Amino acid sequence: MELDGWKQSVREWTDAGLKCVMDSIAETVPARLHEAMAYAVLSPGKRFRPLLVFLAADACRGEDFSEERILKLLPAAVAVEMIHAYSLVHDDLPAMDNDTLRRGKPTVWKQFDEATAILAGDALQTLAFETLAKIRPAEKGLKCVRYLSRAAGCHGMVGGQMDDLRLSDMPRPELPALLYGAMMESAQGLPETDAAVRSICSMQDRKTGAIITAAAMMGGELVGATEMQLYRLGMYAQHLGLMFQITDDLLDATSTAETMGKNVQKDDAHGKVTWVNRLGIEASRGWVVRLKEEAKRSIEGKTFAATDLLEELLDAVEGRKN
């Protein structure tokens with residue numbers, strides 16, 4: 001399959017897996033909570049992170065995907081999408097970004113209420129780890145829990161979200177300690193005095209890049225990737241994650257709500273520091289190109305069975321429209 005075929009197939013597999021999980025808990029969860037959870041996680045989306053689970057596995061093995069392999073990878077794909085959905089639910093809350101539109105529909109707090117949105121996000125987060133805990137052999141499930149919990153928690157996404165709130169009030173914040181990502185390598189050549197740009201890089205590497213990295217690592221882990229493959233997948237995904245976030249900043253500044261399915265030009269309205277308002281549009285695009293080349297270098301050589309799809313994914317992120 002070419003990349004577009006993979007996107008469609010993974011979207012179908014993941015949507016089916018998500019619906020199966022939601023159906024399985026329908027009788028044991030309060031109806032309104034279940035409705036809000038389903039509204040959040042079953043809304044049409046790109047399923048970008050589940051796609052990376054499958055593409056990383058394909059890069060490591062390069063074999064035709066059997067039903068057995070799809071079912072082996074599906075819990076990780078479903079879990080990472082639930083974590084992503086939970087993060088969006090909480091990110092949209094009035095106390096955070098105060099957004100009213102997501103994936104072309106009212107955000108969860110707007111459709112239901114704030115308290116229900118908070119609980120739905122909490123429930124999706126814990127359900128993701130319950131899903132990973134069912135992976136067999138259990139050792140593989142435990143490693144996936146470790147990857148995703150670190151990426152989603154205070155070291156990764158949540159820490160990055162906290163930095164995002166702090167950065168909005170500080171024009172030249174100091175560089176946070178780096179616990180996730182390849183930011184230091186990517187930032188070589190920046191003026192030493194430009195702490196703000198380096199701090200944006202670190203914040204976005206954790207807020208967005210950590211979960212993307214975990215998706216790739218889980219895909220590799222579940223098909224028996226070597227240590228070197230896992231390391232290189234991690235480097236690739238960290239650069240990819242930062243690319244993804246910079247293109248998101250660019251789209252927020254240049255696209256429309258109709259195209260994006262969410263409100264745009266909100267970063268400046270909220271006083272947030274972004275690549276675009278710090279460096280400008282052209283310089284931000286230049287960083288996307290630079291990160292793309294670094295991601296390609298991470299998977300060069302004979303370490304992987306096939307890297308064509310991972311390289312195509314870089315092109316797709318660079319040229320994304322929503």
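Trainee: Which backbone oxygen lies 2.9 Å from a polar atom of the side chain of T107?
Mentor: Please keep in mind that this is a predicted model. T107 lies in the loop between β2 (105-106) and α5 (108-111). A polar atom of its side chain is 2.9 Å from a backbone oxygen, and a polar contact requires a pair of N or O atoms within 3.5 Å. The oxygen belongs to D99.

Trainee: Is T107 buried or exposed?
Mentor: The cut-off for buried is under 20% relative accessible area. T107 has a relative accessibility of 1%, so T107 counts as buried.

Trainee: Which residues does T107 touch, not counting residues up to four places away in sequence?
Mentor: D99, whose backbone oxygen lies 2.9 Å from a polar side-chain atom of T107, is one of them.

Trainee: How many cavities of 30 Å³ or more does a search of the whole structure find, and how much space lies in the largest cavity?
Mentor: Rolling a probe the size of a water molecule over the atoms shows where empty space is left. A search of the whole structure finds 1 cavity of 30 Å³ or more. The space in the largest cavity is about 110 Å³.

Trainee: Which element gives the most to the lining of the largest cavity?
Mentor: The lining has 13 residues, and A40, S43, V89, R102 and V108 lie nearest the centre of the cavity. Two or more lining residues come from each of α2 (31-41), α4 (67-91) and β2. The element that gives the most, with 3 residues, is α4.

Trainee: How do the residues of that lining divide into nonpolar, polar and charged?
Mentor: For this count, Ala and Val are nonpolar and Arg is charged. A40, V89 and R102 are among the lining residues nearest the centre. Over the lining of the largest cavity, the division is 7 nonpolar, 2 polar and 4 charged.

Trainee: Turning to pockets, which element provides the largest share of the lining of the second largest pocket?
Mentor: The second largest pocket has a volume of about 230 Å³. Its lining has 13 residues, and the closest to its centre are G17, C20, V21, T131 and K134. Elements giving two or more residues to this lining are α1, α4 and α6 (114-133). The largest share, 4 residues, comes from α1.

Trainee: How many residues lining the second largest pocket are nonpolar, polar and charged?
Mentor: C20 and V21 are among the lining residues closest to the centre, and Cys and Val count as nonpolar. The lining as a whole divides into 8 nonpolar, 3 polar and 2 charged.

Trainee: How many aromatic pairs does the structure hold, and how far apart in sequence are the parts that W13 and F54 tie together?
Mentor: The structure holds 4 aromatic pairs. W13 and F54 form a tilted one, with 5.1 Å centre to centre and 50 degrees between the planes. W13 lies in helix α1 (residues 3-24) and F54 in helix α3 (residues 48-61), so the parts that the pair ties together are separated in sequence by 41 residues.

Trainee: What separation in sequence does the pair of F48 and F244 span?
Mentor: F48 and F244 form a tilted pair, 4.7 Å centre to centre and 35 degrees between the planes. F48 lies in helix α3 and F244 in helix α11 (residues 227-254), so the parts tied together are apart in sequence by 196 residues.

Notes:
Residues are numbered from 1 along each chain as its sequence is written. This is a predicted model: local features need pLDDT of at least 70, side-chain atom pairs count only at pLDDT 80 or more; totals for chains, interfaces and linings use all residues. Side-chain values use heavy atoms; hydrogens and water are left out. Buried means under 20% relative accessible area, exposed over 50%, partly exposed in between (1.4 Å probe, protein chains only). A polar contact is a pair of N or O atoms within 3.5 Å; within protein, one must be able to donate a hydrogen and the other to accept it, and residues adjacent in sequence count only if both atoms are side-chain atoms. Contact means heavy atoms within 4.5 Å. On a 1 Å grid over the protein atoms alone, a cavity is a set of points where a 1.4 Å probe fits but cannot get out, and a pocket is an open set with protein on both sides within 12 Å along at least five of seven lines; lining residues have an atom within 4 Å of a point. Grid points are joined across faces, edges and corners, and a volume is the space filled by probe spheres set on the points. Rings of Phe, Tyr and Trp (its six-membered ring) pair if their centres lie within 6.5 Å; planes under 30 degrees apart count as stacked, over 60 as edge-to-face and the rest as tilted.
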